[in-house]
Amino acid sequence: MERECSSSEKKVDTRENLGFLGTIFSWSLEDIFNENLYKNQVETIPKSFQSIKSYFGSYVLPLLEETRAAMCSSLEIIGRAPYAEVTNLEASKYTYDIHINCWRNRLSDGGKEPYRIQPGDILLLADAKPETVSDLERVGRTWTFALVTNISDFKIKDVNEDKIEDEDENSSTFTCTCFKVKPQKDIASEEGLQKSLYVVFLMNITTNRRIWSALHMYGNLSIIKEVLRPGSQVEESCPLCSIQNRGTPDENFLTSLLSQLNESQKDAVLACLNKIQCNYKSHLELIWGPPGTGKTKTVSVLLVSLLRMKHRTLACAPTNAAIREVAARVVKLLKESNEADFSFHSLGDILLFGNKERLEVGSKIEEIFLDYRVERLTDCLGPLVSKDVEELFTNSRDGDVLSKNINEAPCMLTLCLLRSQCLSVLKTLRDSLSELKLPRANYNDSNSIVQFCFQAADLLFCTAASSYRLYRVAMEPLQVLVIDEAAQLKECESAIPLQLPGLVHSILIGDECQLPATVQSNVSGEASFGRSLFERMSLLGYSKHLLNVQYRMHPSISFFPNATFYDNRILDAPHVKHETYEKHYLPWPMFGPYSFINVPGRDVVDDVGHSRKNMIEVAVLHRLLRTLYKAWNGSKEKLSIGIISPYAAQVVAIRNKLGSKYEKLDGFTVKVKSVDGFQGGEEDIIIISTVRSNTAGAIGFVSNPQRTNVALTRARHSLWILGNGSTLANGESVWEDLIHDAKERHCFFNAEDDKELEKAILDAKKDFDQLDDLLNGDSFLFKNSRWKVLFSDYFRKSFGKVKSVQTKKSVLNLLLKLSSGWRPNENL
């Protein structure tokens, strides 16, 4: 007798039948807010797999759970989300054409980039703007989810899982007020709906939809099979190739190119180039690039070498910023190489594609960007000759007319002969151009030129998610896949480019000791959904080519992360050890190359309840920046400062405090970002705001060693860490070791030892009603007192009940006077 299927098992069958979008649209609000919806179904993703089916299948449920968590997070802050009022809705079969007035709350995330509608956005359509999720549950309220399928025009698009919707990926959406959506359910016929309708942005699911498709497509599996072998390690060499003495083509050129690299970088590049020449089996190579070791430089040399060797290559990265950086480096290197070797490649051999605004395409990479190239080629490949010249090809009687008038005008003979010669040249040119089979330009349809650009390029750049577009491009198959920042790319997302037709070899460059991909769901996170292919291969013992010389950090900065995360395997380059690399921005010793500055703050939950901030550290940062600017002002040297915090709420609080004061200064730049946002970046000075400050020693995800490693390795000359030493040391994490190390190296300082910072702390304590924190005999107020001050719990409670800040200040001032030996006049 067959057992009865449980409801959860039935949901699995339904989910597979519905597809990704169908599953999302099947969720109710209760489902979206149910953290246990997939909890009992999601299993830990293993390190090795017995079959391709189990490999792809292990990511399906975690992907759905991660999407659910992202939607839940978006709905929780729906009152602050970008929204617009609908001015017109035209319903057709399965879709709505929507017109809006304008988007509002476009900067709702606290960032500087305004919201821009994109295909793949999930919107909420409702008859009234919701401030909270509970508004959607009111009786009589009409609403539905909807997927944006097209913008700017109303060309109907199929939103089937098997279709690829990239037509709008490159379009500008800054002022778009017209778009097409596929609704979860039809609400257009609801009575009174047309009188009031709003759209609210929730999230974009394009990447997750492409991952879903990659998990179900079973495409080119050459590399996938190579990484599935359970418990095996990458073979050092192919047995068939090892008996052949293969040389690397164009060794003179490579010698010149590789001369720019150190020994570990050279070894990594040459090992990869040797492996990809194998014609008998697929190879996967890993290059391990810790912070500051010249990873991007190594990748650019590798890519230029592959181009020289005529291996069609796709270079991917998880983010637009990462792929933009490596593309810019390759363009620069290619131009420098061409100056020395004029027979080398043109920029036409390279192509970057994606969304122009998100890529932030500038002058450095404009020449290789698809949109720019299509625009230029459309102009160049327009009609080859004008209408007047075209007449010369078709009019055969002009010669007869001219010959009849030769006696009257002898010069006409000369003109006739010249005309005949010009006509011959033009015809020859036309025939030659026709043999090139160049696409014919059409200003209304650029598809043929787009196709031509992909076919002509031997080196393509895009994000891993954008590589999905290549499945519909008819071109010569790719051979090599290079993934930069591979440790930051979910393994299931890397399945998108790994299955592209023709790929035989793959090279991953990354560092698993730095941040992995962001995962919002705790369930998916615990299942290792954010783990990269690079990290999994490392855990299985696959060999890696280590880049072992760092060129970024002053030795005082690199000391702790090198010892803690890399077992002291990284060497400091000679120039960072030179005395000229040591900068004195502010008075020592507190503001030397490396300092932990103990700040008696208090971490509080932000208004939404998802993040934390510490306003005392914000005040200290503000004062520090003001002091730095005063010290720098008048200097001719450029100074870049990065402010990092693990909490989004703290980033917003710091940006709000600073305002626009330091935004337009020539030579003095200040960037404020989260730790995740700073991965891959570097500045002269880095100031870290750790935020957590409490008596319980709770530090949350600040304890994450990968996040800590990224934060500690962004500075070139000075790294100043702001935090509560007691809280961090009690957190039983890498921060305990860091505090101990700082004290041992005499790099631990109290913020109040600096008079300017002491005043900033006191002012902030008063402004944010945190004077209670100073009722401690060990606080900096009483550390130099003549008499030891002890506070009873009753006194603290009584003090806490006082509402007047001025009264609290008066009490503290009196206590300070008493502890210093002052006594009231007995005669009074």
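Trainee: Which residues does L515 touch, leaving out those up to four places away in sequence?
Mentor: L515 touches A487, Q488, V675, D676, Q679, N704, Q706, R707 and V710. Contact here means heavy atoms within 4.5 Å. This is a predicted model, in which local features need pLDDT of at least 70 and side-chain atom pairs count only at pLDDT 80 or more, whereas totals for chains, interfaces and linings use all residues. Residues are numbered from 1 along each chain as its sequence is written, and side-chain values use heavy atoms, with hydrogens and water left out.

Trainee: How far apart are L515 and D676, in sequence and in space?
Mentor: They are separated by 161 residues in sequence and by 7.1 Å in space, C-alpha to C-alpha.

Trainee: And is L515 buried or exposed?
Mentor: L515 is buried, at 3% relative accessibility. Buried means under 20% relative accessible area, exposed means over 50%, and partly exposed lies in between (1.4 Å probe, protein chains only). L515 sits in the loop between strand 12 (505–510) and helix 19. Helices (H or I, at least four residues) and strands (E, at least two) are DSSP runs, numbered from the N terminus.

Trainee: What about the chain as a whole, how many helices and strands does it have?
Mentor: There are 31 helices and 23 strands. Of its 828 residues, 51% count as buried. Among contacts between residues at least 6 apart in sequence, 78% join residues at least 24 apart.

Trainee: Changing topic: why is strand 3 described as largely enclosed?
Mentor: Six of the six residues of strand 3 (residues 121–126) are buried, so the strand is largely enclosed by the rest of the structure. D121, L123 and L125 point one way, I122, L124 and A126 point the other way, and all are buried.

Trainee: Which residue is the bridge partner of A126 in strand 6?
Mentor: In strand 6 that partner is Y198. Strand 3 and strand 6 (residues 198–204) pair in the antiparallel sense over six bridges; two strands pair if DSSP finds at least two bridges between them. A126 also stands opposite W143 in strand 4. Strand 4 (residues 143–151) runs antiparallel to strand 3, and five bridges join the two.

Trainee: In what order do the strands close into a barrel?
Mentor: Six strands close in the order 1-2-5-4-3-6, with antiparallel pairing. Neighbouring strands of this sheet are turned by 45° against each other on average, direction ignored. Axes are lines fitted to C-alpha atoms, for helices over the stretch in contact, and angles run from 0 to 180 degrees between N-to-C directions.

Trainee: Which strands does helix 4 touch?
Mentor: Helix 4 (residues 60–76) packs on the sheet and touches strand 3, strand 4 and strand 6; its direction makes about 140° with that of strand 6.

Trainee: Now the backbone: what is the phi of S528?
Mentor: S528 is not a glycine, but its phi is positive, at about 70°. Most residues other than glycine have a negative phi, and most peptide bonds are trans. S528 lies in the loop between helix 19 (522–526) and helix 20 (533–539), and is partly exposed, with a relative accessible area of 22%.

Trainee: And where is D567 found?
Mentor: D567 is in the loop between helix 21 (555–565) and strand 15 (571–572). Its phi is also positive, near 50°, and D567 is exposed, with a relative accessible area of 59%.

Trainee: Last one: is the peptide bond from W588 to P589 cis or trans?
Mentor: That bond is cis, with omega near 0°. P589 belongs to the loop between helix 22 (574–577) and strand 16 (594–598).
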